Amino acid sequence: MRSRILTIVLAVGLTFSLVLLASRLTAFHLPGNHQGYEPVQPIAYSHRLHAGELQIQCQYCHFGADKSRHAGVPPASVCMNCHKFVTAPLGALRAEDELAEKEKRAPRPVVSAELRKLYDAIDRAQPIAWTRIHSLPDFAYFDHRPHVNAGVACQQCHGPVESMERVRQASDLSMGWCVNCHRDSSRTGVAGRPVSPSINCSTCHF
Amino acid sequence: METQYWRSLAERENPSELARAAEAEFSENPLQQIEPGSSRRGFLKAAGFAFAGAALTGCSRAPVEKAMPYLVQPENTVAGRAQYYASTCGACPAGCGLLAKVRDGRPIKLEGNPDQAISGGATCAVGQASILGLYDSLRLKQPLAGGKPSTWAEVDREILARLRADGAVRYLSGTITSPTKQAAIDRFLGQFRNARHVMYDALSASAILDAHQQTHGARVLPHYRFDKAGAIASFDADFLGTWISPVEFARDYSARRRPPEMSWHAQFEGRMSLTGSKADRRVRTAPDEIRERLAQLAIRIAKLSGADDRFLSSASARGWQTTNDDGLPHVAERLWEARGRSLVVCGANAVHTQVLVNYINHLLGNYGATLDVEHPSRQRQGDDRALANLLDEIKTGRVAALFIDGVNPVAELPEAPGFDHVGLVVSFAGSLDESAERAHYVCPDHHFLESWAGAEPVAGLISLTQPVIRPLGATRAVVETLAAWTGQPVNAYDLLRQRYPAQWDRAVEAGYVAMEAPRAPVKPFSMAPVELALAATSPEPAAGYTLALYPSVAMLEGRQAYNPWLHELPDPITKVTWDNYASVSPAAATSLGVSDGDVVRIEAGAAVELPVVVQPGQHDRVIAVALGYGRKASERFANLGPRWIDHRPSVNDQGRVGENAAPLLAFEQGSLRYDRAGIRIAKTGRRIELALTQTHHTLTVPQQLGGEVRPIVQETTTAELGKPPEPSEQREELWPEDHPYKGHRWGMAVDLNACTGCSACVVACQVENNTPVVGKDEVRRRREMHWIRIDRYYSGPSENVEVAHQPMMCQQCDHAPCETVCPTLATVHSDEGLNQQIYNRCVGTRYCANNCPYKTRRFNWFNYPREDRLANLVLNPDVTVRTRGVMEKCTFCVQRIQEAKIEAKVLGTPVKDGDIRTACEQACPAGAIVFGDLNDPNSRVARLARDARQYRVLEDLNVGPAVRYLKIVRDGGQAGRPVPQGDKKNG
Amino acid sequence: MNRRVLIGIFDNEDAILDVTDAARRRGLKIVDVFAPYAVHGLDRAMGLQRSKLPWVCFLLGLTGAAFKVWFEYWTTASDWPINVGGKPWNSLPAFVPITFEVMVLFAGISTVLAFFGMSRLWPGRKPMLLDARVTNDRFALVLEEDNAAFDVEEVERFLRDHHALRVEEREQEAAR
Amino acid sequence: MAEVCSPLRIPLIAGHKKAATVTEDVCRPMLRPPSGLWWAGFTLAFSLMLLGVAAVSYQIATGVGTWGLNTTVGWAFDITNFVFWVGIGHAGTLISAILFLFRQKWRTSVNRSAEAMTLFAVMCAGIFPVIHTGRPWLAYWLFPYPNFRGPLWINFRSPLAWDCFAISTYFLISATFWYVGLIPDLATIRDRLAGESARPTLRQRLFAVFSLGWSGSYRVWHHYEVLYLLLAGLATPLVISVHTIVSWDFATAVIPGWHATIFPPYFVAGAIFSGIGMVLTLMIVARKVMNLEDYITLRHVDAMCKLLLLTSSIVALAYGTEFFTAFYSGNPYEQFVFRNRALGPFAWAYWIMVSCNVLAPQLLWFRGVRRRIGIVFALSLLINVGMWFERFVIIVTSLHRDFLPSSWASYRPTIVEVSTLAGSFGLFFTCFLIFCRILPVIAMGEVKAVLHVGQASRPVQETTV
């Protein structure tokens, strides 16, 4: 009798723990899968503002995308193309002007805190150390060129960056994720044009 | 990949500005940050920038990765995109043109410059490996004063203070082919009343120059034109391996060896050299017999020419009668038939001998045809006589100041000069070698990839050296140093640019410029020295053991002793790594009672103890020893390779690799002699286990096990080539053809007739594919990692042995046995016919390697140490660095295939034949390796696949290798050698 | 509701064989026989019908094999065909070995589980022991007193005639 | 064998046992504290095992390079040991399944320990495919499991993949078979222990749990018989298939000396040969140490010797055939490999193999020899050695000189490899000694059923199932 009770207790315990585990499984991430990684960057650069509101083309800054393996993090000089002139949000500038009006004086230059970091970096000739988000293991070689030139939208892999205040890894970048897209697009084509993406191992592994 | 030959427009206009921009990038001295254990940030900054770091150090598993863009990105640089800069190789005076591949600010690979005449797109093993010197962590990072680190300002002040205008100033250097540098030296020495510039070559050709001084009245080194030579007789000149300008010679030579019209080549030599291994007729000749042989040849040819009975009469007067041994008559005939386009070369560094050579070439009318003395070579300018005098001065304390530039007299010369009586010794050595150690001051020069320079290897060809990376240390170009001491400081760039203002742009872009050079002041041939030479030659045969000291293909004179790649490169003939040795003929071995690995003591004045290697084809009286070993630089290898309970070091008891044989050299009649007659050799009783990469040397299996000959290497004759090929029988295919190769189908063809075995491909592959160096002990265990190896097989009797070189890499089989057996799908076939190896999927069962009939797969037995983070900068970021426990192998340089395909896709053009060149193909001077698309009927490889000489190794296994081999053509009957029977090698 | 059973204890194989046979002929209801080892022929003596286990074994073996063949075909030839050594996409011959192994595995394990189920064996189950030595060297015949006609004395005599060492009568829960 | 089942009733079990005495005899050694001899053996075995553990940990920490392998010889001790142990493992199933189907009653005395031996041997075997990989921590990739790689499964064409399935199936089935056989005996012991103490000891609880409440009900026995028959029927082809697949590791390769069609029967015979050899070794020790002479009689020894003789002859035939096919094939590479085996650098190994596996067993033709325990024991040891070398010869001599003379190499084991081999023996004997202590080494249930054979207690009647 006692032993039967024991067995029942065991069984119940087991099922219970299984249920618990199952609920955990939904949030489960395999090691190496950094989907959702959203680190803080040295400068709070907003893609929502630049790519979203201001509609700056991705490749204006990430100019490597169509001619190199890496899209590349833009050098500070690219930022300076605009921020030589734009030193702070419009609101802040207006406020300063009005204040100047009131106080009957020439408006002082306003520099936003974040941009200050950029200018400092250039003054100190100290490269800005951005935190890398999309990173593949060493044995997987991804090349932007063929994808960008074939007309794959940046968002297809990077997600709606233009709506992200801080960039987040949208896809899990797993092998299956790559392979399935390669398989499907050879049927569906990319941007209306037929493509023949290879699923040879040596396309990415060498 | 589109190549850019100039650094950048900005650079061309105003280099200093870019330098300043770069200055901003590297605020601190990069080297200080690359010391092991420094932060990843510092490392990345030094590396250039961006993502390359991940691939380099395998840190991608690190939680946080930094991506550091430029502040101001230089023009034409895009992260992750390689650029090619034209430059010139500084590894030896030959001056091959280079294209340096620079990736994210780091030079990672050197390729030959196809347009430059010396290189013609090829390189040698040493050239390929020399890039590692740039990342040598033992290079000096600042000048030394009295062995202590110092600053340039200080060093300059002190040296200038110690220089007396009246003291005897001597500038000792190797051959200097750079006019600018020569000028700088002259300007510097000009300040002193008693100053002399002494040049010497550790591998001296002084006698050739002296001989031409005597016969042609000008001290010149002829520019040898093997591309014009239809018949070649070489006396101990290893022109395919190490002699003067091997890349150029090998290229030209094999250009004339394409069947059916093949040049004819006879080699007279004592040891078995690379060149000898390719000869149609090889005559074993001891060094001390060479002059006599040459005299014989001279007499015969004089007879044939009918001219010049004065010589003949004096010959007969001296009791010379022509003997019929050694096929000399045949050689004479062949040379005479080809007069005007024949060539006789001789490596012996003895004036009389060289005079006879000149005479023969003169009789054959080769001057102006195959020997160009009017636009001579400048690749060897050393003067042994001057050197001897200088050494004498040094000994007797008549030298006030000695400047040592680019040479290492302490290690290279028979007796190390004592500097005690020299007031001031300054070395320009980049690292602390034996001579620099004893110098009062060391003013380290740049690595050649860091400096502006110009070379003139051959009169009229200016080859430019441009920096491809900012100096990694606080080093200074010699020209700048000298200029500083001359009082008018100037930077090398301006110096160079001022010299060639007109051709500058073109020169920087193409890497070289051809200029009108003044004809050398050559006088008509004078007979007198010839008779002296004949007088000095005795017809009597020599006796006793003779020592032949030679440069090995990897080490040359020893400047490469720091280079692990070259130490691990198997000697092309003996297949020994990590050692030098005394090679003896089988007969000599029996009479000495020694076998491979027995240590013998060789005495000739000095003495060295070396392991024996029994070498078929070697002269029975000759003991051959390689120079350039036992150097201080090799002490760094004490802890090389994986460390585990049963691990033995790569260095010997003296803590060095091999023994330095230089003490056995000698001065004779004012010239450095590399052969010593009448030496003593004795067994010591010790044994050394040599590190061989091949232990069975023939295609014949041992007699008691059947003794059959395997058709791995196949041969044919010019005669057979004429016949139409017999149709190969059709095989019944077991499986349905499920795998048609629709697009590309990559394949390779290897011409065994062209391959000289020079091993440039081996190192090129190692550099391109991040192949680890495993060290002597692991090689001993037969675990070397080279993806391409060159199998060397002997056949025939040991005194007249035939040699075959067979490059062997993964054959990329269609029905790959390795693929079927891999349980994890880690090696599978691509739809372009590639046998792919996916490292990250491999669990390392080694089943594939066992099942590979060609044994071309390599297993990572350990995590091979990559602790030197500076040396790691040479790693190719496009190739995964393999971890312990995974299988690896030749991939046909798939990273290059991918790059080319992607570029083609971007440009919307198809991949053209020749767009993709594997590292081995690109390096090969003989053009023996061809890679391409077998599906494109007009591709070079497809055409070779239809060639009459084409065969595939182990074709009967029906594994369908994608590599075709072209049979060796043994120039049968004509070479006066028995025609190899059809079945001789075909089992 | 309980029932009464009559138990005869025997000490050798032959006795139990004979008595069981005789009991069946007499139309007595044999509840069960307990033996320390498998006495051959006892099943026939008890008149048990053939076991169903072979069917379980056969069907699940078949299922396993079928599943494996399908799986191998799907992975190798259909879902992601990869060129391995130029072998055909669908290399059936190469699939045979694993198919066989999986078949045996399925058949074997499932049969054993089925057996445990059928004969109600599970860890911790309390054994119903008529005699401490029944798993050692004793045999026990259990007869049910199914109806009033069942004459205890007579049956007991009958058992003793067949060299029963001991005969006892017991109450037993019907729910077995 | 004819003799064994002839109607001349020579008792299977000596000394006129009764069922109770059987129980007594078998249980006594279990319930007694272990003898000094046992402790000695156990200490030796256990320390060997520790040595092995040390060696393997060092190798896994450092790399496969700590073995004497090289580019040419990629397998040697590792796979040799693997095949050797799998081979050993085959005897158990043979005795319990195949002999069962052949109605060999004498098997009952030895099948329990033979099956146990199978399990332990397969455990030892299973270790090697795992540790021989370069990255053992990824060895699970050899099994197909759902993944995020596409999904990417495994290569079902690879004999190594077949191996994984074969070995694991074999282990599971043998284990089940063994356990099923144990249940009635566990019950017997359970009931025997019942009287001992008031409140159940741990041991009693364990026996209670694992005997699954067995009550000896014949309704259960009835299914049990069928189940046993079915398992035997499954295990018999399984045992053949397993070693066939192991042999395919080599037979499907292109390497001369491996690429041979006779491998499957050759390997199966060899496996059984080595297995019986090992069984004999253990039996002879066991019957002495645990004085079971009455159960494992000379007759058993004799029967197994005859099996040895048979399998030895099959193996010998295979050796011969190999040479003939090589010679007759006209394939120079094939021919060379076999010349090289007999005369090459590893000739010593080859001749050890021949003398141990072919020459020595010939002694067994003599009845006198078969009944002299000492000699038989010695022979059984020789056979174990010989069969280990057979695998070594097949693997190493074929690899070290294959097609291209340039890559010919030699092989020398390192201390690490030797310790690993020793360790596997340590593991095997440790397990076996523990088994002898805690479980009945003789299948009581089955022995009791054959007690009467050849005893006058009851009229002869051919039993049927």
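Start with the confidence scores. The model as a whole scores ipTM 0.89 and pTM 0.89. Chain D averages a pLDDT of 86, and 93% of its residues score at least 70. The mean pLDDT of chain B is also given as 86, with 91% of its residues at 70 or more.

Averages hide local detail. In chain D, confidence is lowest in helix α1, residues 19–31, where the mean is 78. The highest value belongs to helix α11, residues 347–359, with 94. One is residues 1–8, with 10 contacts beyond four places in sequence. The other is residues 456–465, with 12 contacts beyond near neighbours in sequence. Chain B has stretches of this kind too. Its pLDDT is below 50 over residues 1–62, a stretch with 134 contacts beyond near neighbours in sequence. The pLDDT of chain B also stays under 50 over residues 973–987, and the model gives that stretch 36 contacts beyond four places in sequence. Where pLDDT is low, the predicted coordinates should not be read in detail.

Now look at chain D. What secondary structure does chain D have? Count 15 helices and zero strands. Next comes its extent. The C-alpha trace spans about 75 × 55 × 45 Å along the principal axes.

Of its 465 residues, 66% count as buried. Contacts tell how the chain is joined to itself. Take the contacts between residues at least 6 apart in sequence: 83% of them join residues at least 24 apart.

The accessible surface of chain D comes to about 15600 Å². Carbon and sulfur atoms hold 75% of that surface. Chain D carries 34 positive and 21 negative side chains. The centres of these two sets lie 5 Å apart.

Where is Q104(D) placed? Look in the loop between α3 (77–101) and α4 (111–131) of chain D. Now trace from Q104(D) to W38(D). They are 66 residues apart in sequence, and their C-alpha atoms are 31 Å apart in space.

The second stop is I245(D). It sits in helix α7, residues 218–251, of chain D. Is I245(D) buried or exposed? Its relative accessibility is 1%, so I245(D) is buried. Its contacts come from two chains. Leaving out residues up to four places away in sequence, I245(D) touches P97(C) and E101(C) from chain C. Within chain D, I245(D) touches P159(D), W162(D), D163(D) and A166(D). I245(D) and L193(D) are 52 residues apart in sequence and 44 Å apart in space, C-alpha to C-alpha.

Move on to chain B. How many helices and strands are there in chain B? The chain has 34 helices and 43 strands. Its C-alpha atoms fill a box of roughly 80 × 70 × 60 Å, taken along the principal axes. For 987 residues, a compact globule would have a radius of gyration near 30 Å.

Of the 987 residues of chain B, 67% count as buried. Among its contacts with a separation of 6 or more, residues 24 or more positions apart account for 73%. Chain B exposes about 32000 Å², and carbon and sulfur atoms supply 51% of that area. Its side chains include 112 positive and 114 negative ones. The centres of the two sets lie 2 Å apart.

The last stop is K776(B). This residue is found in helix α28, residues 776–780, of chain B. Its relative accessibility is 5%, so K776(B) counts as buried. Which residues does K776(B) touch, not counting those up to four places away in sequence? They are W578(B), D579(B), P649(B), S650(B), E689(B) and A691(B).

How values were computed: Residues are numbered from 1 along each chain as its sequence is written. Chains are lettered from A and ligands numbered from 1 in the order in which they are written. Side-chain values use heavy atoms; hydrogens and water are left out. Helices (H or I, at least four residues) and strands (E, at least two) are DSSP runs, numbered from the N terminus. Buried means under 20% relative accessible area, exposed over 50%, partly exposed in between (1.4 Å probe, protein chains only). Contact means heavy atoms within 4.5 Å. Accessible areas come from the Shrake-Rupley method with a 1.4 Å probe; for residues, only the protein chains shown count as cover. Lys and Arg count as positive and Asp and Glu as negative; His and the chain ends are not counted. The place of a charge is taken as NZ of Lys, CZ of Arg, CG of Asp or CD of Glu. pLDDT is the predictor's confidence in each residue, from 0 to 100. The radius of gyration is taken over C-alpha atoms; the globule rule is 2.2 Å times the number of residues to the power 0.38.
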